[in-house]
Amino acid sequence: MTDEIQFRAGFVSFVGRPNVGKSTLTNALVGEKVAITSSKPQTTRRAIRGIVHKSNGQLVLVDTPGMHRPRTLLGERLNSIVQTTLGDVDVVGLCLPANEKLGPGDRFISEQLDSFPRAKKVAIVTKIDAASRPAVAEQLLAISALRDDWEAIIPISATSNIQLDILTTQLIGLMPVSPALYPSDAVTDEGLEARISELIREAALEGVQDELPHSIAITIDDMIDRDDKDLVEIYANLFVERDSQKGIIIGHQGERLQDVGARARKEIEKLVGKQVFLSMRVKVAKEWQRDARQLGRLGF
Ligand SMILES: Nc1nc2c(ncn2[C@@H]2O[C@H](COP(=O)(O)OP(=O)(O)OP(=O)(O)O)[C@@H](O)[C@H]2O)c(=O)[nH]1
């Protein structure tokens, strides 16, 4: 036996109801914007990986869409992404917000986790900055009674950076002994185009009404890296399902679309480290969420 610390690496997936802070946590742990965050529930569609590198281990974070009961074909595809992802991970972190009592949604998801015996279960109590100490204590008790196979129950705040290091250390401790799975400079294996699409979708979601979020999809037609200037030209399509939604996205005299473009461009410029020219066209793809062929074309 040696005292040498063994390197550990593996996969972690954060699950939980919509809006409990999974994407914010992923970004905070990775230290770079990889998953989109939004105050609108269920905005995360893909299994996005962020990678956390420490001297003694590596965590590959698989950020899944919230588990929910499917209502449309899109919903079913999202759920099947969750299923295939969770069959494969070393640890599932069930995110439960400190500032809301446990409810049927949390219990439903916890029960789903029973189907994945391979994964170790960790409870992550999110948003502790938004709850009083007694409320956090009460929540910890309720969560410990939720399952008897928790490896750990860890209270954190992703926005106030409370206990994030402890979470990382504990998660690494639960990983198998393994060499690093990704090179040390990788933060995500999502392609650049996919990340850009997500940034545009995030900008488009800001301030829209409740029914719209699921109706928006982004595709990129072309990306041209100009050699004559420090500039990338991006040609994107913003799909909605109905003509009326097209009007909402574009806004009065195109003002809203201009706003979305300006915000998206700022975020994309941070990502690519260059000036960006962004052209967006709004198109209607009728009922794309229910149509298998259109889903395929839009990348789901
Ligand atoms: N006060 C507080 N708010 C937080 C914290 N983490 C996330 N939030 C907020 O909670 C909301 C939802 O966060 P997300 O990270 O998008 O939640 P999510 O679970 O990924 O949501 P879906 O993608 O819809 O499944 C956002 O408005 C965040 O700013 C936290 O630690 N403290």
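How far apart should the ends of helix 6 (residues 192-205) be at 1.5 Å a residue? I will come to that after two notes on the model. This is a predicted model, in which local features need pLDDT of at least 70, side-chain atom pairs count only at pLDDT 80 or more, and totals for chains, interfaces and linings use all residues. Residues are numbered from 1 along each chain as its sequence is written.

Now the helix. Helix 6 has 14 residues and should span 20 Å, and its end C-alpha atoms are 20 Å apart, so the two agree. The expected span here is 1.5 Å times one less than the number of residues. Helices (H or I, at least four residues) and strands (E, at least two) are DSSP runs, numbered from the N terminus. The protein chain has nine helices and nine strands.

Next, burial. A residue is buried if 20 or more other C-beta atoms lie within 10 Å of its own, exposed if 12 or fewer, and partly exposed in between, with C-beta atoms placed from the backbone. Of the 300 residues in the protein chain, 37% are buried. In helix 6 the buried residues include Ile196, Ser197 and Leu199. Strand 7 and strand 8 (231-240) are among the elements that cover them.

Isoleucine 220 is partly exposed, because 17 other C-beta atoms lie within 10 Å. Leaving out residues up to four places away in sequence, isoleucine 220 touches Glu193, Ile196, Ser197, Ile234 and Ala236. Contact means that the C-beta atoms of two residues, placed from the backbone, lie within 7 Å.
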